[in-house]
Each structure stands twice: as C-alpha cells, then as structure tokens.
Amino acid sequence: MSAPPLNAIVEKALPAPEIVAPREESPARRLAIEFAQNPMAVVGLVVMLLILLVALVAPLIAPQNPYDLAVLDIMDGRLPPGSVGGEGTRFVIGTDDQGRDMLSGIMYGLRISLFVGAGSALIAGIIGSSLGLAAAYAGGRFESAVMRLVDLQLSFPSILVALIILAVLGKGIGNVMLALVMVEWAYYARTARGSAIAERRREYIEAAECLALSRARVVFRHLLPNCLPPLIVVGTFQMARAIALEATLSFLGLGVPVTEPSLGLLIANGYQYMLSGKYWISFYPGIALLITIVSINLVGDQLRDVLNPRLKR
Amino acid sequence: MLHSGIARVAWLGGSGLATWLIRRLIQAVFVVLAMTLIVFLGVNVIGNPVDILISPEADAQERARAIAALGLDKPLWEQYLRFLGGVLKGDLGRSFVYNEPAIRVIIQRLPATMELAVAAVLISIFVGIPAGLYAGLRPNGWLSRALMAGSILGFSLPSFWVGLMLIMVFAVQLGWLPSTGRGETLGLGGVQWSFLTRDGFLHMILPASNLALFNVSLIMRLTRAGVREAMPSDYVRFARAKGLRPRRVIGVHVMKNIMIPVVTVVGLELGTTIAFSVVTESIFAWPGMGKLIIDSINLLDRPIIVAYLMLIVLLFVGINLVVDLMYAALDPRVRLEEQG
C-alpha cells in the first residue's frame, strides 16, 4: 500500500486556500478608486469637466454670440443681473458696457482662458520634460548647464519673466503663451530630472540598455513612461497657474487682445465700473476664474496623493 | 523660490566660499549682460526704433538727421555697444511722456513701491507667524482648519482678483477704507512717504494687505510645519520637563528653530513682493514703479520700459546674491560643507 502522495494529504488537511487571485484590476481602475476616496477631489473633477464642456460647446449653448456686433444693443449696456433687454432677452447675470450678455461672454472667455492655459502648460511640459530627461540621462556638462538655467529661471518670479517678455514683444495670444511657456518649463525640467535620476538606476533601464536600444528609445519609451506620474501632477498645477497668470496679464492689459477676451480681460473691462457699484461686470468672470482654478487645484492635490508611491499606506 | 535657494546651495559642495562667491558674481554679471542683449534685441530688432523714437510728422530730411544722431545707421553690434555704454553711465534715454531722463522718472517712483513692499512683508510676518503658531499648536481646532483652508485660497487665488474683492467690499460696499492712490504724504529725508500721515496710512491698508496675502499663507504654513516638527522633539520635551512655562518654551525654544526657514523665505520673497507690486499698484492706482511700467508699456514709452527692465534685473540679481550669501552664512550645514 503506497502512501498517498504528500500533497494529497496536505490538500486534505488544509482546505485549498482560496487563491485570492488579485482581481484583474487595471492600474487605471485602481487609480480611479483611490482618487474617488476624497469627495472634494471628485467634486473638483466634476466641476473641472463641466467647465471644460461648457468651454467646448459654448457656441451651442451660449444665449448670445458675444462677438456678433449685430446682436449687441448698446442700450442694453450695464444692465444688472436678471434684467430684461430691449428685445426681450433676459440677462441672467447682467450685461457689460457694450450690452453684451455676461453669461455668454464668460462662456466664450473660458474657451480662451483654457486654451491659453492648457496649451502653454502642454508645450512647456513637452519642452521642460524633454530637457529634464535628457539632462538626467546625458549627465555631465549638459546636465549642469540645464539645471543652472533652471535655477536661474526659478530665481525670478513668474510675473517678472512674463512682464519682460511681453514688454519686449508686445501683447497677443502667441506672445502670452510664449511667456507662460518660458515661466513654466523649468518646473517640468526639475521634476523630470529628479524622477529620471531615480528611475535610471532601475533594472529595466539597464535591461533596455543591454538590448542596445537607441538612446532616444530608452529615454522616451522606457524612462519617460515611468517618470510620468509626477509630471502629470506638476502639469495640473501648472495649468491652474498658467490660467491665473494669463488672467493677471490680460487684466493688466498685457495679455490677449481686446478682440479675444479671456476671463482676465472681462474682469479688466468691468473694473472701471466697480467703483460705481456695478459689480457684476467684474464679479462674475472672477467667480468663473476662481472656480476653474480651485477645481483644477483640487484635482491636482488628490492626484499628487494618489500618484505618489511614498504616501501609500 | 525656496527650492531654488536650496538647489543653489547644493552645488556649493566642496569649493571654498571665495571661489563660490567669485563664481556667483561672474554668473550675476552674465545674467545682467544677457538681459541687456535681450532687451536691446527686443527693442531694436523686433520693434522698429525709427518709428518709435522719431515723431511721425518729421519729414525725410529730419528723419535722416535723427537716425544719424541716434546712431541707428550704424551696424547692430556698434549700436549694442553704445547701448551698453549708456547702461553703464546710467543713461537710458529720455522718457517721451515725462520728458525727463528715464532713470530719474523710475527712481522717483521707487520709494512708493518700497514702502508698499515693506508694509506687505511686515504684515505677512506679524499675521503669518502668530497664525501659524496657533495652527501648529492646535492642529485639530476648527480655527486652525479654517486658517489652513484659507491659506490654500491665498496660494491659488490670483492676487488681482482678491484686490478687486477687497475694493468691492471695503471701499465700495462698506466704505471703510480708501481704494486708490497714496493719500496724503509727508516728506522725510527728501522723499514723500504715505505711512507718516493718517490718511496715507489708511490708503496703504488695502494694497499692502493684498500684496501680503500670498506671503501670509506661505509663512503661516512654514511656521505651522515648524511647530509641528518641533513640539515632539527632545529639546522641547526637555524644556517642558524642566518646568519652563509654555510661553517660554514656545517663545524661545520653538521660535528659534522656526526662524531659519522663515527668515530665508522672507528674504527671498521680498523680491517677489516687489515684482508682484506691478499688479497691486495697477489695481489700487498706487503711483509706484509697477504702475509706471504698466502705463509705459501701454503708452509705448520705450526708454522707461528699457530702463525699468534693466533696473529690475539688477535689483533681482542683487537680491539673489545677498540671499545666497545669507543662506551660506546662516545654515550650519552649508558652513560645515565648506570646512569639508
């Protein structure tokens, strides 16, 4: 009589451990679950997406095309919120000095603010991250030159850098975006270099190098994806900063041209009427700006917590 | 700003203070030179100085004479050297609007800006530190939570919008405080100051608070973090075990250790405060350098723009140099590194 095989005995004695197969959980799903744990962040995300949606479909949902001079009636100028204009149109949050519906103006203004903010954050992100990655990977003189430039750039306040560029080049959407990119690239470069230095000592980079892959391939296909999380966090905050800075510059009259009013310019237009108590021309675009910036920051805060492995409990 | 300070110190390692100082000075000179080049190219290549500097009513002969007088017919590098020579002599042309030397127009506005910036820094110290102490000692109290939430807003709200809201609430709705201008000024040492008269002082409250908002949030957070770090430490526990009164433990033992980062940040932020006064001065019609540069850009008063940019870069390079030196002198880790 042969003894039953050992594992049979073991299997009898111990009920087969329910293999807690880590449920097929994609990283994206895990991130989403962790993100949702903070209700404020979810509110921020929803509001941010709503704002983005409003900006995208503004021409479809805005009560009025604020650029179409034919529909504007100067007689409707500076009407307080809730008034009804000469042709029976209702202005929920009032009109500006040209008789433009403020709600429509804000919807169109959001488009420009978001485009400039997101666009410059993206361009700065691409330039800054590439330089940072290249610096970490190449090392030596190139690295110290880039990082010295980063330090130098960061020792000047953002508003000053933007002021210098716009004072020299003049205003306009392109110049504002250039100024914002110049202000922001250094943050990405520093972050990218920091995480690339930590990552490049890992085995997978060594493995990729052993395969004699081209440098560009190692950097962009292997190094970059693993350095992305902190860059995404920086990108979120930089987008909020870019929107705020663009609004500031436009408010000062150095930003976007009058024909393409962003939120900052709308606020500037109403500023002169504020002292006479006609608050709504400045107040509501300001509220829209505020909600945009705060919601992006809320999302950024939670992303930082979720994407930072050091904070994992 | 804080990070850049630390990063800059990081490459100190190994070399002596003298070598480091020389390297810093050379770097500072290069930055200033680069700025002169950028400004010169910006004004002379991107813009057309002939259109800007010469009245459009001038006829062809007058134009030619003016071009020769201004040296605009010379090659570009010669023009640049001329410009550089002007910068060294402090001669940056005459303002079109004020018809006075540009440098003099700007220097006249300097006291107003400095007064506002210093007031803002003082507010941020005298509000930020106590608020941070409170939030650090009672981290779970509702007031602490409110302060911390408020500081997030202080970081993320654009300061110009906060300024508008201050005007709307305190000047328009409540009518408590004036919102524009410097008010009555009093001469002291040949310069007019607002803070010496009651009226001028009242005029300063809103703009200075607006300018201080960011730094109040920053200093509050720094202080809170410092307190939270210091309270459970051995030296604080020892001081308490000795039977020292809480007032003394916090006022002397805790404060000493909070002051290093706070002093550094205040130093670093003085420059930022001066830069951001551009925004505050424009909102509150405060007649300082910041409002001057914005007005000049809108009026295309090029000499003022050029002079302002040169001056502010010089100012910043100077501030950064001093902060670096202070940092090297204050932080024991930097000193130790130099001794090797």
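Reader: Let's start with two helices of chain B: at roughly what angle do the axes of H8(B) and helix H9 (residues 198-230) cross?
Author: In this predicted model, helices (H or I, at least four residues) and strands (E, at least two) are DSSP runs, numbered from the N terminus. Axes are lines fitted to C-alpha atoms, for helices over the stretch in contact, with angles from 0 to 180 degrees between N-to-C directions. The axes of H8(B) and H9(B) come within 10 Å, and they cross at roughly 145°.

Reader: How should I read the numbering, and what pLDDT do local features need?
Author: Residues count from 1 along each chain as its sequence is written, while chains are lettered from A and ligands numbered from 1 in the order in which they are written. As this is a predicted model, totals for chains, interfaces and linings use all residues, side-chain atom pairs count only at pLDDT 80 or more, and local features need pLDDT of at least 70.

Reader: Back to that pair, then: which hand does the crossing of H8(B) and H9(B) have, left or right?
Author: A crossing is left-handed if the near helix is turned anticlockwise from the far one by less than a right angle, and right-handed if clockwise. For H8(B) and H9(B), the crossing is right-handed.

Reader: How many nonpolar residues does the contact of H8(B) with H9(B) have?
Author: Two residues are in contact if their C-beta atoms, placed from the backbone, lie within 7 Å. Among those making this contact are B:Leu166 and B:Phe170 of H8(B), and B:Leu213 and B:Phe214 of H9(B). Ala, Val, Leu, Ile, Met, Phe, Trp, Tyr, Cys and Pro count as nonpolar, Asp, Glu, Lys and Arg as charged, and the others, Gly among them, as polar. By class, there are no charged residues and 4 polar ones, and the nonpolar residues number 8.

Reader: Over in chain A, at roughly what angle do helix H5 (residues 102-138) and helix H8 (residues 173-199) cross?
Author: The crossing of H5(A) and H8(A) is right-handed. By class, their contact has 23 nonpolar, 7 polar and 3 charged residues. The two axes come within 5 Å and cross at roughly 35°.

Reader: Which helix gives the most to the side of chain B that touches chain A?
Author: The contact takes 34 residues from chain A and 33 residues from chain B. The chain B side divides into 24 nonpolar, 8 polar and 1 charged. With 7 residues, the helix giving the most is H11(B).

Reader: What share of the residues of chain A count as buried?
Author: Chain A has 12 helices and 2 strands. Buried means 20 or more other C-beta atoms within 10 Å of a residue's own, exposed means 12 or fewer, and partly exposed is in between, with C-beta atoms placed from the backbone. In chain B, with its 340 residues, the buried share is 37%. For the 313 residues of chain A, it is 45%.

Reader: Is A:Arg304 buried or partly exposed?
Author: A:Arg304 sits in helix H12 (residues 280-307) of chain A. Because 17 other C-beta atoms lie within 10 Å, A:Arg304 is partly exposed.

Reader: Which element of chain B has the lowest mean pLDDT?
Author: pLDDT is the predictor's confidence in each residue, from 0 to 100, and the mean for chain B is 79. Over residues 1-14 of chain B, pLDDT stays under 50. Where pLDDT is low, the predicted coordinates should not be read in detail. With a mean of 44, the lowest element is H1(B).
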